[in-house]
Amino acid sequence: MSGVGSTQAAERRLSQLVTVLAFALPVIFVLVPLAIFLVYSFFSVDQGTIVHSPTLGNYVRFFTDPIFLPVFWNTIVLCVSVAVICILLAYPAAYFLTTLKGRWRYALLMLLLVPLLMSYVIKIYAIRSILGLNGFLNKALVALGILDQPSTLFVFNMNAILLTLSLLLIPFAILPIFLSLERIPQTLLRASDDLGASSLQTFLRITLPLSLPGVASAASFVFVLAIGDFLTPQMVGGISGFTFGRILYSQFGTAYNWPFGAALSVALAIVVIAAILIGERFGRSRGTSV
Amino acid sequence: MSALPRPSTIFLAAITSLVAVLLYSPLFVPIVSSFFIISHGNVDWSSPTLSTYVALAGNHDILAALRTTLIVGVCTVILSVVSGTLLALYYHGRRSGRSVLQFIIFLPFLMPPIISGLALLIFFREIGLERSLLTVVIGHTVFVLAIVYRTVLMRLQSMSRTLVEASYDLGATGWQTFWRVILPNLSSAMVGGAILAFALSFDETMITILVTGTQSTLPVRLWAMMRLGFSPDINALVALILMFTVLLCVLAARFLIPRQMATERN
């Protein structure tokens with residue numbers, strides 16, 4: 001009997017341990033670092049050492065310095081454009097997938113998602129070599145007679161960042177749009193057909209509105225991933241392609257101003273949270289459960 | 001979907017092919033260059049070579065980075081699968097506090113990696129933990145935990161409650177039920193989660209750059225090399241990694257999809 005008792009005691013101790021861990025792990029490794037980070041944004045730096053007394057200086061600097069707000073705004077515009085490009089390409093592709101039958105549908109979906117799992121750094125490098133002066137894009141445009149000579153239009157500037165980020169992030173737009181299109185009940189489309197609507201009318205009045213939640217999630221995914229990226233702008237942006245992520249990253253490297261970097265991160269986090277909330281708000285599917 | 005008029009189908013197919021080309025062209029470049037010599041943007045198709053692969057075998061710097069990446073990946077997988085499964089078991093069927101803590105677990109996955117990375121960087125500095133492979137492993141684990149947690153939790157939720165009740169009715173203790181009933185049912189979800197966690201860890205770059213010490217993982221090493229341009233043997237490595245990744249995808253699909261389809265059919 002004492003054997004059973006001690007196993008029960010051991011089980012109880014284990015479950016207590018699990019309870020403690022279940023609360024402690026996320027709090028220690030996620031919440032505490034984020035909290036310290038937030039506190040850091042109110043510190044300042046004096047001659048290379050961090051001054052641990054609270055100040056609003058970093059935020060004042062962010063809003064008053066003529067550099068940061070424009071870059072911040074331009075980066076937001078850039079990332080919205082990336083999201084728009086991704087959706088314009090991903091929507092027709094996702095729609096095409098849903099017109100396919102059974103096995104083919106998922107095989108093709110897989111095919112379009114697999115590039116996600118492949119090395120990010122290598123992809124950036126390869127895209128840069130495609131966009132470059134000697135790259136395949138210039139060669140193709142010259143061969144087609146669109147350009148007289150290779151152009152530097154596509155590398156080391158904002159265009160390059162826009163194109164590269166769009167190429168990298170398309171799969172993130174395909175998946176949510178595909179899922180929302182797939183959830184649309186076939187009966188609705190058939191009913192619309194029976195009532196004499198043309199396929200364009202059916203698309204505009206039934207499919208498109210019902211797939212908008214997927215489009216909203218796709219847009220917020222792509223936007224959040226694009227705005228947090230500091231590798232791509234660093235690699236393909238050159239001197240003119242200066243994004244917020246790069247400025248933020250430089251505060252922890254060359255500029256060495258961690259507290260100011262933390263304040264910039266807070267600004268970034270606010271935009272990201274807003275984007276996620278907007279995506280959530282419009283991404284919640286209404287009426288598809290008919 | 002209902003039948004579409006022919007021109008629109010052709011239009012959609014054309015866009016889809018364009019997307020596929022756009023997605024695969026960046027992967028195509030290094031693979032082609034691993035077998036052929038490229039100079040000034042022209043591929044010399046006449047002479048296929050394996051010399052890049054031979055050169056790779058002698059590149060100790062890259063091989064060391066690859067080994068570091070594998071070590072980090074394995075440690076991350078072990079830590080994230082153990083803690084992710086524990087958390088899923090704990091929060092499954094429990095309402096109080098679950099949504100808040102679940103949100104905290106998901107934060108590093110939702111937030112841009114630069115924010116998670118910097119927060120951890122400052123955290124490690126505040127607690128006096130030197131940047132090393134340990135900090136990289138912690139960073140990766142925090143990042144992938146949400147995926148493992150969610151994968152396991154979804155399996156738990158689809159698992160019939162009657163299985164556990166039957167086990168207790170037949171006189172099994174909590175331990176026995178856990179080892180003989182719950183764990184075997186979770187195993188494929190855990191393997192699937194482990195593969196996803198490994199794949200994410202293998203390619204994680206942004207958090208790693210911020211929290212790594214002197215030893216760098218492969219993506220960080222590649223990132224450092226990229227400013228100067230790659231030597232041809234990197235292409236060979238990329239081709240090999242791509243093959244390995246595709247293999248991982250197939251494995252992950254094999255472990256994750258059949259079960260879900262089976263549950264859908266029920």
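Leaving aside residues up to four places away in sequence, B:L120 touches A:P33, B:G139 and B:V211; contact here means that the C-beta atoms, placed from the backbone, lie within 7 Å. A word on the source: this is a predicted model, where local features need pLDDT of at least 70, side-chain atom pairs count only at pLDDT 80 or more, and totals for chains, interfaces and linings use all residues. Residues are numbered from 1 along each chain as its sequence is written, while chains are lettered from A and ligands numbered from 1 in the order in which they are written.

Back to B:L120, which lies in helix α5 of chain B. Helices are DSSP runs of H or I with at least four residues, strands are runs of E with at least two, and both are numbered from the N terminus. Is B:L120 buried or exposed? B:L120 counts as buried because it has 28 C-beta neighbours inside 10 Å; the cut-offs are 20 or more for buried, 12 or fewer for exposed, and partly exposed in between. B:G139 is 19 residues from B:L120 in sequence, and their C-alpha atoms are 7.1 Å apart.

Now the contact between the chains. Chain B puts in 62 residues and chain A 68 residues. On the side of chain B that touches chain A, α1(B) gives the most, with 15 residues. That side of chain B divides into 49 nonpolar, 11 polar and 2 charged residues. Nonpolar covers Ala, Val, Leu, Ile, Met, Phe, Trp, Tyr, Cys and Pro; charged covers Asp, Glu, Lys and Arg; the others, Gly among them, are polar.

Next, chain A by itself. Chain A has 12 helices and 2 strands. Its radius of gyration is 25 Å, well over the 19 Å that the globule rule gives for 290 residues, so chain A is more spread out than a compact globule. That radius is taken over C-alpha atoms, and the rule is 2.2 Å times the number of residues to the power 0.38. Buried residues make up 44% of the 290 residues in chain A.

Last, one helix pair in chain A. The axes of α5 (residues 120-131) and α7 (residues 158-183) of chain A come within 10 Å and cross at roughly 130 degrees. Axes are lines fitted to C-alpha atoms over the stretch in contact, with angles from 0 to 180 degrees between N-to-C directions. Residues making this contact include A:I124 and A:I127 of α5(A), and A:L163 and A:L167 of α7(A).

Key
Contact = placed C-beta atoms within 7 Å.
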